[in-house]
Every structure is written in structure tokens, then in C-alpha cells.
Amino acid sequence: MKKSVKITTIGGGSSYTPELVEGFIKRYDELPVRELCLVDIEDGKEKLEIVGTLARRMVKKAGVPMKIVTTLNRKEALRDADFVTTQMRVGLLDARIKDERIPLKYGMIGQETNGAGGMFKGLRTIPVLLEIAKEIQEICPDAWLINFTNPAGMVTEALLRYSNHKKVVGVCNLPINMRMTIAKLMGVETERMQIDFAGLNHLLYGLKVYIDGEDKTSEVIEVLADPEEQVNMKNIAPLPWLPEFQKALGVVLCPYHRYYYKTKDMLDDELKSFQLGQTRAEVVKQLEGDLFELYKNPQLDIKPPQLEKRGGAYYSDVACNLISSIYNDKGDIQTVNVRNEGAIRELPYESAVEINCVITKEGPKPIPVGELPVEINGLIQQIKSFERVAAEAAVTGSYEKALLALCINPLVPSDRLAKQVLDDLLHAHKEYLPLFNQKVKM
Ligand code: G6P
């Protein structure tokens, strides 16, 4: 009988947690979770108790012997953990509203994980994740750190570069959503479709698509070139690709690529929402309020379908599939963020990449893709440079590095505007940027 596991979820008060609980309940036979320990901070205490109480109702209804613990004591929560999942939003949704609205005020893309807003999500988050990685090293050094916290690519890059904890995997729900959507568009079950994914988090390309093991890439590209047949996510405006562009490129694009290859159109769309006070973050804040009202209902003992309205839907399948495959040494293929180790030839050996991996008890092993097509290599290099400079800014509190990162980001249209948006965002988020506070008049 395999040893049961303890899973500690930091940011346990998240509205997404019921999906994670459902995922562990569904897989209890192959992944016996004896304890799920949900951790949050003082400010998140009320949400933590609401989510924890719902989780206990879900576990009771399912009849699985999973103990749900809720605590504000992170170090205690880490004791004996086999897996630690992290899913936090430093500054909560009010901080995300600033990340999206302030760049738009300067006429540039304002988005949760991209551009100036995405960088500030990283600046707030990376020091916290590095502290958690340090505690894991001290308290449960054999545990896997499975990070969901956005910007997952930049955060994984920072953890790989600046933390001593090596058992780190960054995860995202985009690959599973893309695979499900494209399989549906092609009229096949998801299981029959494999996609050779490679790139960075939220900048992921499908280099080849196989159905029943046969290369169907050109057929899939034909379908995806049709403005009526697009891969969309709930949180991204579904502006269709120019058919000639998608056909000429010949690889599958992800929804986030719209911010880079359709910047002007996406910015015009965002500015309309900005004028209406309806940026994605403002819409999500309303959704989140409705979700927690639902979660309080003592009659609710399942994950509510309303959670599917969030862009992060199906992230639990990613987390639970990954944890179960490591625990069971399954050897299946999943798309996660790991150290490159030469899998993408043009990127640094030690950098974080999002790529197909074979999942074993030793963790994900990236599947080499060799040389990237010349058409997509440039943007990946530029964003990786940005991620590395932004991560350095996050760990040093250096104003110059933060300014430099913005100036080299393709979604920031001028160095003059980079400085204006940097100063504005530093001031807006100063309570969550202790390293910058020490060095910069904010
Ligand atoms: C997508 C991304 C996630 C992101 C989410 C935002 O699913 O993969 O990384 O956090 O959308 O969704 P939201 O509903 O918060 O806008």
C-alpha cells in the first residue's frame, strides 16, 4: 500500500481552491491525499474559512478520508508536506485592477501577466515565493513546489535562478485548454490529440499537432485560420487571427499571442473596457464576490459550475495530474514550466521554459524540440530577456533594472512612457514592494 500524501496549498483561500479539492477527490484512489492543508494570510482569514468549510462539505459528500486543515501558520503547514502548491495574488484583485488600469492610462496594454502590469505582478510575487522556497528547503526539503502563481513563467524563472530548492515546477491551464479546444474544433476526443508545445508561459506555440499519432498540423492550421474557429480563453478578447498570418506562420498560436501580434487591436478593445470601468480585473472582482457568496451556502457541497467562468478553469486537472504522475511515476507527457536543459536550443540551459515533459517520480523531463522556427524564435528571446531582467529587479529592488525591463518589453511603446508607468505603479503598489521601498522614493 503506497504511503498517503500531505499536500499544502499556500493561498488556500483562493476562489479556485474548490476546483483543486474536486481534483484530489476525483483521484483519491490513485493519489491518496490524507491531508490537504490550506494556508493563507491574516487578511485572507475569512475567505480561508469559507473555502475550508466548503472543502470539508465536498470531502464529506464524496466520502473520502481526506482531512482539510486551514491555518495562517505557514511553517507549521509545511511540516511533512509531500507537495506544496502555491496560488496567491499579492495585493489581491485591487492590485490587479491597478496593474491593468494604470498602463492603459498611458495608452499601453494593461494585462494580468503581460507588459507593465504583468511585471508588477511579478515584482510583488517573486520575493514571497522565494521566501516560501527557502522555508520548504528548511522544513520539507523533499517536497515538490508546484507553482500556479502568475506570472508563472517569470516566477519559475526566478525560483530556478535565485532559490536553492530545485524541485520546482511551474504550471498553467493554457496547454490543457488549447488541447481541449483544438480537439473539439477537429471533432476528436482530447485523448486522441497530442500537441508538441514549446515556448514560454503565456507565449506557448504548438509546433506540431498529431491525431491518433498522425501529423495533422496543416489541417489544424487550416481550421484555426478560420475567424469562426478560434482558440479562446474566458479572460482574453476573442479577436480572430488574420487567416493569411496564421497560415503563413504554420504553428498553433496561443490566446495570449494576441497581445503581441495584434497589439493595436487588443489595445483598442482594452481602452473601451477601461473607459467603462470594466477591465478584466474589475469583471473578475465582481465574479469573485459572487463565487464567495455561493461558497458560503451550507447546502453547497460540490464545486459550483460558476467557477468555469474564470480564465483559470481546469487548472486543478493540471495540478492533480502532475502530482499524481510524479507520485505514481506514470511516465506520461504533460506541458509544464521547467529548467530548459537544452530542450529549446536557443534558450539558456538554466532558464524556465514551458514545454512537453515526461513526468516521472524524479519529476518532469523536458522533451527536446531542437531549433525553433525562425519566425517565432525572436519574440521568445525578447520575452525571456524581459523575464530575466524583471526577475533580477524583483530580487534586488533595483529601479534601473525595473526601468530596463519595461524598456525592452514589446508592449511598452517608449522609454519615456516606461518611466512614467514605472513611477506610477511603484507608488500604487508601494506597500507590497518592500525591497523597492528601501531604495526608491515612491
Ligand atoms: C488563464 C491563464 C491564467 C490566468 C487566468 C486569468 O486561464 O492561463 O494564468 O490567471 O486566465 O483568468 P481570470 O478569470 O482571473 O481573468
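A cavity, as the term is used here, is a set of grid points where a 1.4 Å probe fits but cannot get out, and its lining residues are those with an atom within 4 Å of a point. In this predicted model, α14 gives the most to the lining of the largest cavity, supplying three residues. The protein has 17 helices and 12 strands. Its radius of gyration is 21 Å, close to the 22 Å that the globule rule gives for 442 residues, so the protein is as compact as a globular protein of that length. The C-alpha trace spans about 60 × 55 × 40 Å along the principal axes of the protein.

- Rolling a probe the size of a water molecule over the atoms shows where empty space is left.
- When the whole structure is searched, three cavities of 30 Å³ or more are found, and the largest cavity has a volume of about 140 Å³.
- The lining of the largest cavity is made up of 14 residues, and those nearest its centre are Thr113, Asn114, Asn201, Ile383 and Glu387.
- At least two lining residues of the largest cavity come from each of α6 (152-162) and α14 (374-396), while by class the lining holds six nonpolar, seven polar and one charged residues.
- The second largest cavity has a volume of about 70 Å³, and the residues that line this second cavity include Leu224, Trp241, Val252, Cys254 and Pro255, together with Glu229 and Gln230.
- Sorted by class, the lining of the second largest cavity divides into seven nonpolar, two polar and one charged residues.

**Ligand surroundings**

- There are 15 residues around the ligand, of which Arg96, Asn173, Arg280, Arg310 and Gly311 come nearest, and this shell divides into five nonpolar, six polar and four charged residues.
- An oxygen atom of the ligand lies 2.7 Å from an N or O atom in the side chain of Arg96, and an oxygen atom of the ligand is 3.1 Å from an N or O atom in the side chain of Glu112.
- For Asn173, a polar side-chain atom is placed 2.5 Å from an oxygen atom of the ligand.
- On its own the ligand has 390 Å² of accessible area, and the protein covers 95% of that area.

**Second largest pocket**

- The second largest pocket holds about 490 Å³ of space, and among the 21 residues that line this pocket, Ile176, Arg179, Asn321, Ile333 and Gln334 are the closest to its centre.
- Two or more residues of the pocket lining are given by each of α7 (174-185), β7 (193-200), α13 (315-328) and β10 (333-339).
- The lining of the second largest pocket divides into eight nonpolar, eight polar and five charged residues.

**Backbone details**

- The peptide bond that runs from Asn150 to Pro151 is cis, with omega near -5 degrees, and Pro151 is found in the loop between β5 (144-147) and α6.
- Although Asp212 is not a glycine, this residue has a positive phi of about 50 degrees, and its place is in the loop between β8 (203-211) and β9 (214-215).

Notes
Residues are numbered from 1 along each chain as its sequence is written. This is a predicted model: local features need pLDDT of at least 70, side-chain atom pairs count only at pLDDT 80 or more; totals for chains, interfaces and linings use all residues. Side-chain values use heavy atoms; hydrogens and water are left out. On a 1 Å grid over the protein atoms alone, a cavity is a set of points where a 1.4 Å probe fits but cannot get out, and a pocket is an open set with protein on both sides within 12 Å along at least five of seven lines; lining residues have an atom within 4 Å of a point. Grid points are joined across faces, edges and corners, and a volume is the space filled by probe spheres set on the points. Helices (H or I, at least four residues) and strands (E, at least two) are DSSP runs, numbered from the N terminus. Ala, Val, Leu, Ile, Met, Phe, Trp, Tyr, Cys and Pro count as nonpolar, Asp, Glu, Lys and Arg as charged, and the others, Gly among them, as polar. A residue is near a molecule or strand if one of its heavy atoms lies within 4 Å of it. A polar contact is a pair of N or O atoms within 3.5 Å; within protein, one must be able to donate a hydrogen and the other to accept it, and residues adjacent in sequence count only if both atoms are side-chain atoms. Accessible areas come from the Shrake-Rupley method with a 1.4 Å probe; for residues, only the protein chains shown count as cover. The radius of gyration is taken over C-alpha atoms; the globule rule is 2.2 Å times the number of residues to the power 0.38.
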